[in-house]
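Trainee: I've just opened this one, and I'd like to learn how to read it. Could you walk me through it feature by feature?

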Amino acid sequence: CSNSGPVTGTSSIGGMAGGNGGTIIASYNIGSVKGSGSCGGVAGYSNGTITACYNSGSVKGSDGCGGVAGSNTTGTITACYSTGAVSGDRTVGGVVGFNNEGFIMACYWATSPDIGVGGSSRSSQVTTKFGGDDAWPKTDTNTTDISAYGGSHRNYANAWGIGSKDGSGPGNYWKDLGNPSTPAYPKLWWEKD
């Protein structure tokens, strides 16, 4: 699913969901998000799973603002990215504003701020600012052992895998991974050309 309209509110405001306690997969937001606390391009607050989602809308709030999620508490965010500008007064990140005992793997961001995660507590996160070939998703992106980052062993092999036209199979959520020289950002399997 997708959202292209602006979303405005107070707390737990997101382009796809205000609060996510379940699963959001292969979705995107291009609308602006504006609120006070826990504002995110995809979800304002998440303790669930967000996989293969992106945001290109602006996110603005006061505390806990992120391009993908404003606040991630014990949730898992994998193979997501944000190209929208994110601004706020405290705990502002290109991917997640505040990560509390959550896992963030193989995620990217493109614009301000200069950090992927604004603040964290006993969390595991691997985020990269989009750049040249060395800072771009690849189909062989494999972060199978996150124990070095304080997390338990989880398998995110091929998180940025190119899928079939129906998006079937694990990791097969992307149509293409874009091009770092243009830049053209990754597109989901169901998006029209």
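Mentor: Let's start with charged side chains: the structure holds three salt bridges. A salt bridge here is a side-chain nitrogen of Lys or Arg within 4 Å of a carboxyl oxygen of Asp or Glu. Side chains of opposite charge can pair when their charged atoms come close.

Trainee: Before we go on, what sort of model is this, and how are residues counted?

Mentor: This is a predicted model, where local features need pLDDT of at least 70 and side-chain atom pairs count only at pLDDT 80 or more, while totals for chains, interfaces and linings use all residues. Residues are numbered from 1 along each chain as its sequence is written, and side-chain values use heavy atoms, with hydrogens and water left out.

Trainee: Which residue forms a salt bridge with aspartate 63?

Mentor: That would be arginine 90, with the closest N and O atoms 3.1 Å apart. The pair links distant parts of the chain: aspartate 63 sits in strand S13 and arginine 90 in strand S18, 27 residues apart. Strands are DSSP runs of E, at least two residues long, and helices are runs of H or I, at least four long, numbered from the N terminus.

Trainee: How do strands S13 and S18 run relative to each other, parallel or antiparallel?

Mentor: Two strands pair if DSSP finds at least two bridges between them. S13 and strand S18 (residues 90-93) run parallel, joined by three bridges. Aspartate 63 and arginine 90 turn up again here, as bridge partners. S13 (residues 63-66) also pairs in the parallel sense with strand S8 (residues 37-40), over three bridges, and there glycine 37 has aspartate 63 as its bridge partner.

Trainee: What about sheets built from several strands?

Mentor: Look for the order S2-S7-S12-S17: these four strands form an open sheet with parallel pairing. Its edge strands are S2 (7-8) and S17 (86-87), each pairing on one side only. Inside that order, S7 (residues 33-34) and S12 (residues 59-60) pair over two bridges, with valine 33 and valine 59 as bridge partners.

Trainee: How many helices and strands does the protein chain have?

Mentor: The count is zero helices and 24 strands.

Trainee: Where does aspartate 114 lie?

Mentor: Aspartate 114 is in the loop between strand S20 (103-109) and strand S21 (117-121). At 66% relative accessibility, aspartate 114 counts as exposed. Contact means heavy atoms within 4.5 Å; leaving out residues up to four places away in sequence, aspartate 114 touches Trp109 and Lys129. With lysine 129, aspartate 114 also forms a salt bridge, the closest N and O atoms being 3.5 Å apart. This pair, too, links distant parts of the chain, since lysine 129 is in strand S22 (residues 124-129), 15 residues away. Lysine 129 is partly exposed, at 32%.

Trainee: Which residue meets glutamate 191 in a salt bridge?

Mentor: Lysine 187, at 4.0 Å from N to O. Glutamate 191, in the segment after strand S24 (187-188), counts as buried at 9% relative accessibility, while lysine 187 is partly exposed at 34%. Setting aside residues up to four places away in sequence, glutamate 191 touches Tyr28, Tyr54 and Lys175. The side chains of glutamate 191 and tyrosine 54 make a polar contact at 2.8 Å. That term means a pair of N or O atoms within 3.5 Å; within protein, one must be able to donate a hydrogen and the other to accept it, and residues adjacent in sequence count only if both atoms are side-chain atoms.

Trainee: How many disulfides are there?

Mentor: A disulfide is a pair of cysteine sulfur atoms within 2.5 Å, and the count comes to zero. The sulfur of cysteine 65 is 4.6 Å from the closest cysteine sulfur, in cysteine 39, so that gap is too far for a bond. Cysteine 80 is in no disulfide either, with the nearest cysteine sulfur, that of cysteine 107, 4.8 Å away. Cysteine 65 is buried, with a relative accessible area of 0%, and cysteine 80 is buried at 0%.

Note on methods:
Buried means under 20% relative accessible area, exposed over 50%, partly exposed in between (1.4 Å probe, protein chains only).
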